[in-house]
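I want to go from the overall build to the core and then to the ligand.

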Amino acid sequence: MSVPMLDVVGLGHTYGSVDAVSDVSFAVEPGELVCIVGPSGCGKSTLLRCIAGLLPPSRGTVSLHGDRVSGVPSDLAVVFQDYSRSLLPWRTVFGNVEFPLRDRGLSTVERRSRVEEALSWVGLSGAASKHPHELSGGMQQRVSIARALAYRPALMLMDEPFASVDAQTRADLEDLVLQVRASAGMTVLLVTHDIDESVYLADRVLVLSPSPATVVETLKVDLPSPRDQIATRGSDAFVRLRTEIARLIRR
Ligand SMILES: Nc1ncnc2c1ncn2[C@@H]1O[C@H](COP(=O)(O)OP(=O)(O)OP(=O)(O)O)[C@@H](O)[C@H]1O
């Protein structure tokens, strides 16, 4: 039997006396885009931080390519909601995207080519020499995504990555993730509180219970690709899935 890219088994996390995540198990296969949704405060960020190796789980295990995660794995990149705090303000856009590549054992030429490719994927080739404060919120989040893409992780984790941008930018960034994921063959695990977004983006949606989180249901999203902000969201299959997830979250 092949080993999944990511295997989460019986994961739980307790902050002092607060039980945040109870017992979560699931696997992600290479090339999948899996979304996690759940009620507010159910433990989504805690779960993602445990998977990223940023928080030690109180119970259970996380494995990447069959290897137990016990610190931040080198084969993983995380995109957070708060782009303004995740970019280095004194570095240019180019410098921010290049920063994590310093420890990847790459030549200067290869680093440059990876940064240029990632910036072109996110449509920011013309902004390479700008600093974060010169960019809009949506552009700053594109830089965060480019930084993760240039790193070429086996797995990209995204924690509410579009929650701090306006609706139009959000739709553009959703489509950007779908496009780069298709071109780069990326595996993505994305946390969102937005049910419609989870259905629009995912191959599978994991629905979590209220805190302490467990997996209530896993739904396969059989919508045609490439997805389209108007046609996909207007389809009967989309409406059926979003209604089913809303019902699971509110029950
Ligand atoms: N550092 C902490 N110390 C104590 N309790 C915490 C800490 N971080 C989170 N919690 C608690 O753990 C539970 C889960 O929080 P978490 O942020 O993981 O949920 P979430 O689903 O990501 O929330 P949201 O929907 O608001 O983004 C909540 O009850 C929260 O108050």
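This is a predicted model: local features need pLDDT of at least 70, side-chain atom pairs count only at pLDDT 80 or more; totals for chains, interfaces and linings use all residues.

I started with burial: 39% of the 251 residues in the protein are buried.

Next I looked up the secondary structure and found 9 helices and 10 strands. The radius of gyration came out at 18 Å, close to the 18 Å the globule rule gives for 251 residues, so the protein is as compact as a globular protein of that length. I also took the extent of the C-alpha trace, which spans about 50 × 45 × 40 Å along the principal axes.

Then contacts. Taking those between residues at least 6 apart in sequence, I get 69% joining residues at least 24 apart.

On to the core. The largest nonpolar core holds 68 residues, and Leu47, Val97, Ala146, Met156, Leu157 and Val205 touch the most other members. Helix α5 (residues 137–151) gives the largest share of this core, 6 residues. I checked the domains too: domain 1 (6–75 + 153–250) and domain 2 (87–152) each supply at least three residues to this core.

Leaving aside neighbours within four places in sequence, Leu157 is in contact with Leu48, Ile51, Ala52, Leu76, Val78 and Leu189.

Last, the ligand. Which of the 13 residues around the ligand come nearest? I noted Tyr15, Ala20, Lys44, Ser45 and Thr46. By type, I logged the shell as 4 nonpolar, 8 polar and 1 charged.

Conventions:
Residues are numbered from 1 along each chain as its sequence is written. A residue is near a molecule or strand if its C-beta atom, placed from the backbone, lies within 6 Å of it. Ala, Val, Leu, Ile, Met, Phe, Trp, Tyr, Cys and Pro count as nonpolar, Asp, Glu, Lys and Arg as charged, and the others, Gly among them, as polar. Helices (H or I, at least four residues) and strands (E, at least two) are DSSP runs, numbered from the N terminus. The radius of gyration is taken over C-alpha atoms; the globule rule is 2.2 Å times the number of residues to the power 0.38. A residue is buried if 20 or more other C-beta atoms lie within 10 Å of its own, exposed if 12 or fewer, and partly exposed in between; C-beta atoms are placed from the backbone. Two residues are in contact if their C-beta atoms, placed from the backbone, lie within 7 Å. A nonpolar core is a set of buried Ala, Val, Leu, Ile, Met, Phe, Trp, Tyr and Cys residues joined through C-beta atoms within 7 Å. Domain bounds come from an automatic or database domain assignment.
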